[in-house]
Amino acid sequence: MAAAAVAGGGAASRPHSLSYVGCNFLRQRLVLATLSGRPVKIRKIRAKEENPGLRDFEASFIRLIDKVTNGSRIEINQTGTTLYYQPGLLYGGMLEHDCSPHRSIGYYLESLLCLAPFMKHPLRIVLRGVTNDQIDPSVDVLKATALPLLKKFGIDGEGFELKITRRGMPPKGGGEVVFACPVRKVLRPIQFTDPGKIKRIRGTAYSVRVSPQIANRIVDSARSILNKFIPDIYIYTDHMKGTSSGKSPGFGLSLVAETTNGTFLSAELASNPQGQGTAVLPEELGLNCAKLLLEEIYRGGCVDSTNQSLVLLLMTLGQQDVSKVLLGPLSPYTIEFLRHLRSFFQTMFKIETKSSHEELKGGEKVLMTCVGIGFSNLSKTIR
């Protein structure tokens with residue numbers, strides 16, 4: 001079959017598989033394996049723990065990868081401590097997936113954002129589960145920060161959307177999200193080195209199966225801090241009722257600061273799941289979330305810490321041209337991602353530290369430069 005050729009090398013040159021140990025960075029490895037066409041073997045997944053092997057949410061993620069690809073081979077041993085994955089072709093199409101309630105939909109969506117532009121058919125997927133939790137980026141933040149980022153690389157069009165039809169809070173979830181993304185043959189390189197100045201702050205305070213008054217209390221306390229810096233602040237209150245409110249009560253806030261040059265920096269907080277930890281006051285949550293946003297603005301850069309790995313991946317896969325982006329301090333997740341990019345794509349970034357000048361107040365910045373590998377979506381040419 002003609003479609004068996006892998007991007008970056010024909011079927012004749014079968015890439016050798018990469019081997020890893022442990023459960024860390026499982027998503028990064030599977031996503032990069034899928035894009036590079038290189039098989040990957042992961043051993044000793046929680047081998048020493050009382051409950052060894054893959055967790056529910058990881059198994060659900062592997063099922064999702066299996067759904068969006070065609071012809072992938074996945075082998076897991078009986079205890080779930082060894083995983084072998086030989087990637088197939090990214091296929092896409094209309095799909096549905098029930099995410100594990102142990103992690104939020106953002107855990108799955110982050111990886112789909114990396115894969116969706118390179119499918120054979122435009123992806124339209126309905127994801128069900130937890131929309132906002134305390135571990136992963138929420139759907140609100142990914143919608144406000146990751147989508148504008150993809151647009152900079154030329155991934156845009158009518159069929160590009162991410163919308164929350166139902167909110168679901170942990171532990172039981174019950175949320176629903178629709179994500180649709182057009183396919184692209186090539187990505188355009190970017191030069192994104194001037195973050196600009198903050199011009200406005202937008203946010204969403206949501207309350208699910210609790211008094212709608214709570215969202216207003218969150219907004220008031222967040223504004224009490226942010227109003228000192230900038231007048232253009234608008235925080236929507238989103239109160240979901242009835243079936244659209246999922247199965248568990250909860251509330252939270254996500255904030256996004258937009259700059260004059262189209263940089264989006266985000267912060268968010270959610271209440272503790274029902275029956276876990278101490279109860280959080282809405283006022284406290286609003287104050288803490290506003291402080292987190294100020295911390296993210298201090299870190300600065302053209303991309304917030306949630307999306308560092310996404311922008312570096314898209315730069316790597318761009319045309320054979322130079323891409324540059326200015327980032328704040330690299331997160332540990334991003335540092336590991338750079339190591340993986342080198343293993344899977346042999347791509348090295350030039351990393352220059354920029355000290356804080358007078359005009360660039362805030363934390364130390366890092367200028368990341370790379371030449372794209374000229375990745376092209378081969379499945380688009382085969383009909």
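Tutor: One term before we start: two residues are in contact when heavy atoms lie within 4.5 Å. Also, this is a predicted model.

Student: Okay. Which residues does Gly 252 touch, then?

Tutor: Leaving out residues up to four places away in sequence, Gly 252 touches Thr 204, Ala 205, Tyr 206, Ile 218, Leu 269, Ala 270 and Leu 285.

Student: Where is Gly 252 found?

Tutor: In strand 14.

Student: Is Gly 252 buried or exposed?

Tutor: Buried. Its relative accessible area is 0%.

Student: How many Å apart are Gly 252 and Leu 109?

Tutor: Their C-alpha atoms are 19 Å apart in space. Along the sequence, 143 residues separate Gly 252 from Leu 109.

Student: And where does Ser 254 lie?

Tutor: Ser 254 is in strand 14 too, which covers residues 250–259. Ser 254 is buried, at 4% relative accessible area.

Student: Which residues does Ser 254 touch?

Tutor: Asp 140, Val 141, Arg 202, Gly 203, Thr 204, Ala 267 and Glu 268. Again, residues up to four places away in sequence don't count. Thr 204 turns up on the lists for both Ser 254 and Gly 252.

Student: Let's zoom out. How many helices and strands does the chain have?

Tutor: Eight helices and 18 strands.

Student: How does the radius of gyration compare with the globule rule?

Tutor: The radius of gyration is 21 Å, close to the 21 Å that the rule gives for 383 residues. So the chain is as compact as a globular protein of that length.

Student: What does the C-alpha trace span?

Tutor: About 65 × 50 × 45 Å along its principal axes.

Student: What share of the residues is buried?

Tutor: Buried residues make up 54% of the 383.

Student: And what about the contacts between residues at least 6 apart in sequence?

Tutor: Of those contacts, 74% join residues at least 24 apart.

Student: New topic: charges. How many positive and negative side chains are there?

Tutor: There are 48 positive and 33 negative ones. The centres of the two sets lie 5 Å apart.

Student: How many salt bridges does a search of the whole structure find?

Tutor: It finds 19.

Student: Give me one. What does Arg 124 pair with?

Tutor: Arg 124 bridges to Glu 161, with the closest N and O atoms 3.0 Å apart. Arg 124 lies in strand 8 (residues 121–129) and Glu 161 in strand 9 (residues 161–166), so the bridge ties together parts that are 37 residues apart in sequence.

Student: How accessible are Arg 124 and Glu 161?

Tutor: Arg 124 is partly exposed, at 32% relative accessibility. Glu 161 is partly exposed as well, at 24%.

Student: What else does Glu 161 meet in a salt bridge?

Tutor: Lys 163, at 3.8 Å from N to O. Lys 163 is partly exposed, with a relative accessible area of 35%.

Student: What about Arg 167? Which residue does its side chain meet?

Tutor: Asp 238, at 2.9 Å from N to O. Asp 238 lies in strand 13 (residues 233–240), while Arg 167 is in the loop between strand 9 and strand 10 (175–181), so this pair ties together parts that are 71 residues apart in sequence.

Student: Is Arg 167 buried or exposed?

Tutor: Buried. Its relative accessibility is 2%, and the cut-off for buried is under 20%.

Student: Which residues do shared partners join into one network?

Tutor: Glu 96, Asp 98, Arg 128, Arg 166 and Glu 176, through salt bridges.

Student: Last stop: where does Ile 190 lie?

Tutor: Ile 190 is in the loop between strand 10 and strand 11 (191–192). Ile 190 counts as buried, at 5% relative accessibility.

Student: Which residues does Ile 190 touch?

Tutor: Among them are Lys 152, Phe 153, Val 311 and Met 315, not counting residues up to four places away in sequence.

Student: And how far is Ile 190 from Ser 245?

Tutor: Their C-alpha atoms are separated by 39 Å, and the two residues are 55 apart along the chain.

Terms used:
Residues are numbered from 1 along each chain as its sequence is written. This is a predicted model: local features need pLDDT of at least 70, side-chain atom pairs count only at pLDDT 80 or more; totals for chains, interfaces and linings use all residues. Side-chain values use heavy atoms; hydrogens and water are left out. A salt bridge is a side-chain nitrogen of Lys or Arg within 4 Å of a carboxyl oxygen of Asp or Glu. Helices (H or I, at least four residues) and strands (E, at least two) are DSSP runs, numbered from the N terminus. Buried means under 20% relative accessible area, exposed over 50%, partly exposed in between (1.4 Å probe, protein chains only). The radius of gyration is taken over C-alpha atoms; the globule rule is 2.2 Å times the number of residues to the power 0.38. Lys and Arg count as positive and Asp and Glu as negative; His and the chain ends are not counted. The place of a charge is taken as NZ of Lys, CZ of Arg, CG of Asp or CD of Glu.
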